[in-house]
Amino acid sequence: MKAEKLADAIMDELTEYTEETTEIVKEAVKETADEVKNDIRSNAPVGATGKYKKSWRSKKKSEDGSMVTYTVYADKNGYRLAHLLEYGHAMRNGGRTKAQPHIKPAEEKGLESLEQKLERKI
């Protein structure tokens, strides 16, 4: 009888730990997605209207039990420009524009930030 109670107690603790860890991970992923979005916005090139800079969003893509996915993207006002600005492009009259990397550095910084948050909180 005592062995059954011990097994039940261990299972209860493991279940509670799993639920707490899942919530920590979900919260850290959301925070990091918002940080990446804000980092891209702050480093994005600014045109005459500033629409591209303002076009960045983060959105929950999916949630499945213990896993959550967020997407950081440029909306209808900026998605066409993202690749061209990040990597440069050929100009109509010849030559190329200078690349203005602002997405990749934010992504790399976000990955490091997420890893640090998870190590600290778990």
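1. Largest pocket. In this predicted model, the largest pocket has a volume of about 300 Å³. Its lining holds 14 residues. Those closest to the pocket centre are Ala 33, Val 36, Tyr 70, Val 72 and Glu 107.

2. Where the lining comes from. Three elements each supply at least two lining residues: α1 (2-43), β2 (67-74) and α4 (104-121). The biggest share is from α1, with 5 residues.

3. The pocket lining is made up of 10 nonpolar, 3 polar and 1 charged residues.

4. Packing of α1 on α4. Two of the elements that supply the lining, α1 and α4, also pair with each other. Their axes come within 9 Å and cross at roughly 155 degrees. Angles over 145 degrees count as roughly antiparallel, so α1 and α4 are roughly antiparallel to each other. The crossing is right-handed.

5. Residues in the helix contact. On the α1 side, the contact uses Ile 24, Val 25, Glu 27, Ala 28, Val 29, Glu 31, Thr 32, Glu 35, Val 36, Asp 39 and Ile 40. On the α4 side, the contributors are Ala 106, Lys 109, Gly 110, Ser 113, Leu 114, Lys 117, Leu 118 and Lys 121. By class, the contact residues divide into 9 nonpolar, 3 polar and 7 charged.

6. Val 36 is among the residues closest to the centre of the largest pocket. Val 36 also belongs to the α1 side of the contact with α4.

How values were computed. Residues numbered from 1 in each chain as written. Predicted model: local features only at pLDDT ≥ 70, side-chain atom pairs only at ≥ 80, totals over all residues. Heavy atoms only, no water. 1 Å grid on protein atoms, 1.4 Å probe; cavity = no way out; pocket = protein on both sides within 12 Å on 5 of 7 lines; lining within 4 Å. Points joined across faces, edges and corners; volume = space filled by probe spheres on them. Helix = DSSP H or I, 4+ residues; strand = E, 2+ residues; numbered from the N terminus. Nonpolar A, V, L, I, M, F, W, Y, C, P; charged D, E, K, R; others polar. Axes fitted to C-alpha atoms, helices over the stretch in contact; angles between N-to-C directions. Parallel < 35°, antiparallel > 145°, perpendicular 65-115°, else oblique. Left-handed = near helix turned anticlockwise from the far one by under 90°. Contact = heavy atoms within 4.5 Å.
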